[in-house]
Amino acid sequence: MDSMEMSHRVTREHMREFLLHCHPQYELYYFLAGDVDYRVEGTQYALTPGGVLLLRAGCFHGYRVLSDKPYERFTIHFWPEALPEAAREELLKPFCQAVVWHPDAQYLQEMLMRMQDAGTLPEPARTSVREAQLAAILAEILLRSGGAPQGQEEAPSMGRRLVEYINLHLGEDVSLEALCQAFYLSRRQLYRVFREATGSSVGEYVRRKRLALAESMRRSGVCATEAAARAGYGDYSTYYRARRASGIQD
């Protein structure tokens, strides 16, 4: 589906490194089971079965499986146009911050199972039913919680400050040299603090964030050249190479 992707996955593999990513769609992440270290934008979340994370477009996030215990989750990635236009603004209100964590959302599991079952329907019924289910899920979250974040664990303050600074200045110079000067850190200190907070290097974080930002702007109608400039690419050719390297095609 062009407007939405849904998956129900189980991972049974202990991981040493974080599996990190960043995308221009909104994401609803529902945790079912597992022993996982999950981080979003420098904040670590203690996941509990039946909890849901709401991730705004462009969030840098990922996980590391800490044991061989099966790690099971639902994920829904969607563009705003997957929602009814008249109700879109209201239905997106639960995404009131970059990331919102609701630790007790077990009421969503049955709705997600029904949404998964819609995959057996032929098109266009499959798309119509899944879009309706997504709207119903977001409406239920809105009614029950009002979008208030809960249950998050603060990352180290310097790591959080670095993440927030980069996000505010993504279209500017956020090279290692610039960050070291802004925060009075050595390259070694910067690398250690940032990786402890995010599980990523600064370079990887910036590359993924810029690409997600540019793709989101293009989806909203901004021309490719302007999107590249506003996302911090030196020129359009650099942005074009980044798209090709990530497998994105027009």
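This is a predicted model: local features need pLDDT of at least 70, side-chain atom pairs count only at pLDDT 80 or more; totals for chains, interfaces and linings use all residues.
**Exercise 1. Work out the strand order of the open sheet and find which strands sit at its edges.**

Start with the order: five strands line up as β1-β8-β3-β6-β9, and they pair antiparallel. As for the twist, going from one strand to the next gives an average of 15°.

Now zoom in on one pair. β3 (residues 26-33) and β6 (residues 51-55) run antiparallel to each other, with five bridges between them. Within β3, L28 stands opposite L54 of β6.

**Exercise 2. Which helix lies across β1, β3, β6, β8 and β9, and at what angle to β1 does it run?**

The helix you want is α3, residues 125-145. Check its direction against β1 and you get about 75°.

**Exercise 3. Pick apart the largest nonpolar core: which residues touch the most other members, and which elements supply it?**

First, the membership: this core has 27 residues, and the ones touching the most other members are L28, I76, F78, L108, L112, L134 and L138. Second, the suppliers: β1, β3, β6, β8, α2 (109-117) and α3 each give two or more residues. The largest share is five residues, and α3 provides it.

Third, take L112 as a test case. Leaving out residues up to four places away in sequence, L112 touches M6, L28, Y30, F74, I76 and I137.

Note on methods: Residues are numbered from 1 along each chain as its sequence is written. Side-chain values use heavy atoms; hydrogens and water are left out. Two strands pair if DSSP finds at least two bridges between them. Helices (H or I, at least four residues) and strands (E, at least two) are DSSP runs, numbered from the N terminus. Axes are lines fitted to C-alpha atoms, for helices over the stretch in contact, and angles run from 0 to 180 degrees between N-to-C directions. Contact means heavy atoms within 4.5 Å. A nonpolar core is a set of buried Ala, Val, Leu, Ile, Met, Phe, Trp, Tyr and Cys residues joined through side-chain atoms within 4.5 Å. Buried means under 20% relative accessible area, exposed over 50%, partly exposed in between (1.4 Å probe, protein chains only).
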